[in-house]
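Subject: Handing over a structure

Hello,

Please take over the structure shown here.

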Amino acid sequence: MTAAHLQRLNVDQRRAVEFGVTTAEKGPLLVIAGAGSGKTNTLAHRVAHLILNGADPRRIMLLTFSRRAASEMAHRVERIAAGVMGDKAVAMTDALNWSGTFHGVGARLLREHAAWIGLDPAFSIHDREDSADLMNLVRHELGLSKTESRFPAKGTCLAIYSRAVNAEMPLDQVLVGVFPWCAMWKDQLRGLFAAYVEAKQAQNVLDYDDLLLYWAQMMAEPTIAGEIAARFDHVLVDEYQDTNRLQASILLGLKPSGEGLTVVGDDAQSIYSFRAATVRNILDFPGHFSPKASVVTLERNYRSTQPILAAANGVIGLASERFTKNLWTERTAGDRPRLVTVRGESEQARYVAETILENREQGVALKAQAVLFRAAHHSGPLEVELTRRNIPFVKFGGLKFLDAAHVKDLLAVLRFAENPRDRVAGFRVVQLLPGVGPMIAGRLLDAVAGAIDPLEALKGFAPPARASEDWPAFLALITALRSRQAGWPAEVEAVRNWYEPHLDRIHEDAAMRLADLVQLEQIAGGYASRERFLTELTLDPPDATSDEAGVPHRDEDYLILSTIHSSKGQEWKSVFVLNTIDGCMPIDLSTGSAEEIEEERRLLYVAMTRAKDQLHLVMPQRFFVHQQARGGDRHVYATRTRFIPSAIIGLFDQRIWPPLTAQEAAASAPRPPVDIAARMRGMWR
Ligand code: ATP
Ligand code: MG
């Protein structure tokens, strides 16, 4: 008899689930298969199957693309296991506590082993913006922005640095291959990066890339690596096509022989090469472990209807690379995806909002629908329309709640108290005091950096006259935070109380911002400690929403807006894709290399394969472009994305919205030509 939890799986899925658990096979396992073929579902079943067969959930590492994906996976595992072991499944899956993103899991391992690798366990983590700020500070200190006119901006410097680190590639190669216009600054950049690394170490700060880099380095140290590797019997990775070289070396360190390692992914969905992800990881996997690796492919798609699948296959079938996937489905009924022409972006927003409401009338909840777009700012007009119609939404992958200046201020105070050497946080905090500018802030932070006891250094600092009134309260706050007097999360309120008068002074809309901070206090209450709060919030910030306070009410019905990048692995009954026009998809035609354009095609494929029942691709004829560099903003006339050429247009249901009136239709209908020129000639014959 087959165990209940295996019955729903098809033969190939089952093979992947049972592999090496209830079968005698050994070695690493790769599941490579197309969108919606049940890769993630199979992985969840595999974890449940492992646990049901006696594996210790605390010794399972489960790496996913986002924390959201990790918690969804844990829920699935729990449901599957509950079908067999009942209530005991809850405790079992709670113990699955090494699940998360590479960065999140890395941060935890690094804190645990900090002492061994010369780190202070209280290190702070910089998000991309903080990292760019620190890069900028260092740039200024080296005088690069002054002496070198047109030296790359802080964001570009960070991108170059990050690419070199994640791709494990020498700087020269990164410059020539990816940032050729910066190659002339090679020597200065090298100096800058050396100083940036030193600054991070002096300030006890790690950036995102360091979480992977330090982890990978740690796995190259035999003793530490051995100890860490011995803690995990199984390592499983979803979305393996979007991992980079560092992540692959980490996995090798954890499972050098490959035994106990499972990776799943889809090469046709690799969309993160700008973060140095390389599809080679998944393609080279079998060869690397040859002849021990086993490969399972899945060909049945359970997600989409046949017409949607046919259109998606049509798009990816034109790729210059061949993806050997033969997806089929039993869901043969359904409409062709709609390709809807609208006049401009406001009509696009109206079309989407109205269709979403119609769908809801017909019983499709908002949560079962999503709107996807290439770049976060593309949803602007739609957000306005949704707000006007009171349609609640949550936006993934765009501007985050935490990016708001006042929220960053409050977090910076906590970070500064936790680690006073963190210069980016320090600069932010002390300049909140009246009369303190960059010069004085710099002097104060130098004093702190050079001191054995940072608090004593602060106390000994003579503030400028204008700040003297506010100085004692500031000192008292930092002292209290460092001694953890108020306890967690009460201390967040203490920070807010201190910050309130400054907020009033700095911002006109202080009341609204204050409401955000109250919200932040509530979020803080959900974390066990200040350190967990700061780490996890930095790695996985809450999403922006239509809700004023900035945090979704999770139990309400709401629509999802998401960049295509952030929609990975998810599915909705009804999916809308905005701006399926050249210039948006692919984005930036002028600078894109052939490979980059191919990645854009895969991106459209990812977007289309999110849809279960209904897919709408919308094409505004007029599109507004922000072009700071090239002479200001302007409207352009758009054409259909090149990824849907005439050869496959028959797979789509082409429409114009709003539908033409009878008169307009007559006007646009083809008419017999009137040859006036011929008449003219005839007059003289
Ligand atoms: P993606 O490439 O987009 O990440 P995926 O391969 O991970 O897709 P899943 O998300 O795991 O696919 O599965 C897609 C859908 O198919 C889900 O709704 C899942 O529940 C369903 N599904 C998967 N396997 C089966 C099965 N054997 N029987 C019924 N439904 C299934
Ligand atoms: Mg998946």
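Below is what was found, topic by topic.

This is a predicted model, in which local features need pLDDT of at least 70 and side-chain atom pairs count only at pLDDT 80 or more, while totals for chains, interfaces and linings use all residues. Residues are numbered from 1 along each chain as its sequence is written, and chains are lettered from A and ligands numbered from 1 in the order in which they are written.

Ligand 1

Start with the ligand. There are 19 residues around ligand 1. G38, K39, T40, N41 and Y302 come nearest. (A residue is near a molecule if its C-beta atom, placed from the backbone, lies within 6 Å of it.) Helix 3 (residues 39–52) gives the largest share of this shell, three residues. Helices (H or I, at least four residues) and strands (E, at least two) are DSSP runs, numbered from the N terminus. By type, the shell has four nonpolar, ten polar and five charged residues. Here Ala, Val, Leu, Ile, Met, Phe, Trp, Tyr, Cys and Pro count as nonpolar, Asp, Glu, Lys and Arg as charged, and the others, Gly among them, as polar.

Nonpolar cores

The largest nonpolar core holds 67 residues. Helix 12 (residues 208–219) supplies the largest share of this core, eight residues. (A core is a set of buried Ala, Val, Leu, Ile, Met, Phe, Trp, Tyr and Cys residues joined through C-beta atoms within 7 Å. Buried means 20 or more other C-beta atoms within 10 Å of a residue's own, exposed 12 or fewer, and partly exposed in between, with C-beta atoms placed from the backbone.) V31, V47, L62, V77 and W215 have the most contacts inside the core. Take L62: leaving aside neighbours within four places in sequence, L62 is in contact with V47, A70, M73, L96, W98, S99 and L236. (Contact means C-beta atoms, placed from the backbone, within 7 Å.) A second, separate core has 56 residues, including A268, V352, A611 and F643.

A helix pair

How do helix 16 and helix 27 run relative to each other? Their axes come within 9 Å and cross at roughly 175 degrees. (Axes are lines fitted to C-alpha atoms, for helices over the stretch in contact, and angles run from 0 to 180 degrees between N-to-C directions.) Helix 16 and helix 27 are therefore roughly antiparallel, a term for angles over 145 degrees. I308, A311, A312, V315 and I316 in helix 16 meet R601, L604, Y605 and M608 in helix 27. The residues of this contact are eight nonpolar, no polar and one charged.

L444

L444 sits in helix 21 (residues 438–450). L444 is buried, with 21 other C-beta atoms within 10 Å. Beyond four places in sequence, L444 is in contact with V430 and F461.

Backbone points to check

P489 lies in the loop between helix 23 (471–483) and helix 24 (490–506). R484 is found in that loop too. R484 has a positive phi of about 55 degrees, though not a glycine.

Best wishes

Conventions. Two residues are in contact if their C-beta atoms, placed from the backbone, lie within 7 Å. Angles under 35 degrees count as roughly parallel, over 145 as roughly antiparallel, 65 to 115 as roughly perpendicular and the rest as oblique.
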